[in-house]
Amino acid sequence: MNPPLRRLIVGLADSKRLLGIRYSDWTIGAPSLETDISLASMAQDEWGHARLIYAMLKELDEDPDQAERDRPAAEYANIDVLDEAAADWPSLVATMVLADGALSVALKGFAEGGFELARSRVPKMLAEEEYHAPLGAAWYRRLASSERGGALLRRATEEQLPAVLAWLGTVDEERRSVVDAKVTSSPKVQLDTFAADVGPLVAECGVAIESVNPASEWDSGRGRGPGAPADEAVVRARGDLNRALFVR
């Protein structure tokens, strides 16, 4: 068992699984039918990516089914902003840009490291993510151009950015371990890449990414801030109800 590598894998997989749930929350509530359909496809992608990442735990002699289906909410290591459903459409659009964008940056660093399963599996995920980013960017620009939409989007961006920056950039013993072992890129590289990818977009609603401070509270055991996903989301993430149908 390699605890720092396990934390990295579980954090990525949990974030993918919860992001899929947050997209699925809006598959019949987005502003257009075309966006509904895109969100359904993106949710499927995120769930498929999560399953492939959980399966990497086999390399650490851990049963991925246990991590995927039997953990309580307090053990989830997803990006904090995915704990709760998006309160409104601008909040989900901010999540598309910030959380999905941060995940792509973290996965890119993982794919370029020395862990063979990441090198072989993650590039295809990143190729699929290239179809997600334009939807988030298009809706972000559309909302930012309107007075009411722009205000709501700015509020959501300011609420989500500190936790996302902390998830990408916090340096602790576990993070240093995987960076020193050349399993993934450094927090500084990931923050710089994220700022280059997302900074110009969030500036369109008046947020200067370089002026936002990362959240200060940190749980080094899970590699995220304090708190946990809502119980309802964890039941869905684990597939409890679906498995109950097969038992009966």
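**From the loops to the core**

At 62% relative accessibility, K182 clears the 50% cut-off, so K182 counts as exposed. You'll find K182 in the loop that links helix 8 (173-180) to helix 9. Check its backbone too: phi of K182 is near 60°, a positive value in a residue other than glycine. Keep in mind as you go that this is a predicted model.

There's another residue of this kind to look at. D61 also has a positive phi, about 60°, although D61 is not a glycine. D61 sits in the loop between helix 2 and helix 3 (64-69), and with 75% relative accessibility D61 counts as exposed.

The largest nonpolar core has 77 residues, and W89, F110 and F194 are the ones with the most contacts inside it. Helix 4 supplies the largest share of this core, 15 residues. At least two core residues each also come from helix 1 (3-24), helix 2, helix 5 (116-129), helix 6, helix 7, helix 9 and helix 10 (231-238). As a general background, nonpolar side chains in soluble globular proteins tend to be buried together.

What does F110 touch, once its neighbours within four places in sequence are left aside? The contacts of F110 are L5, L8, I9, L12, M56, F115, A118, V183 and T184.

On the helix 2 side, T35, L39, M42, E46 and I53 meet W89, L92, M96, D100 and L107 of helix 4. Sorted by class, this contact has 7 nonpolar, 1 polar and 2 charged residues.

Helix 6 (residues 133-144) is the last stop. Its 12 residues reach 16 Å from first C-alpha to last, close to the 16 Å expected at 1.5 Å a residue. Buried in helix 6 are L135, G136, A137, W139, Y140, L143 and A144, and these buried residues pack against helix 2, helix 4, helix 7 (147-169) and helix 9 (187-202).

Why does W139 count as buried? Its relative accessibility is 10%, which is under the 20% cut-off, so W139 qualifies. Leaving aside neighbours within four places in sequence, W139 is in contact with P31, T35, W89 and V93. W139 and V97 are 42 residues apart in sequence, yet their C-alpha atoms are 9.5 Å apart in space.

Key: Residues are numbered from 1 along each chain as its sequence is written. This is a predicted model: local features need pLDDT of at least 70, side-chain atom pairs count only at pLDDT 80 or more; totals for chains, interfaces and linings use all residues. Side-chain values use heavy atoms; hydrogens and water are left out. Contact means heavy atoms within 4.5 Å. Helices (H or I, at least four residues) and strands (E, at least two) are DSSP runs, numbered from the N terminus. Ala, Val, Leu, Ile, Met, Phe, Trp, Tyr, Cys and Pro count as nonpolar, Asp, Glu, Lys and Arg as charged, and the others, Gly among them, as polar. The expected span of a helix is 1.5 Å times one less than its number of residues. Buried means under 20% relative accessible area, exposed over 50%, partly exposed in between (1.4 Å probe, protein chains only). A nonpolar core is a set of buried Ala, Val, Leu, Ile, Met, Phe, Trp, Tyr and Cys residues joined through side-chain atoms within 4.5 Å.
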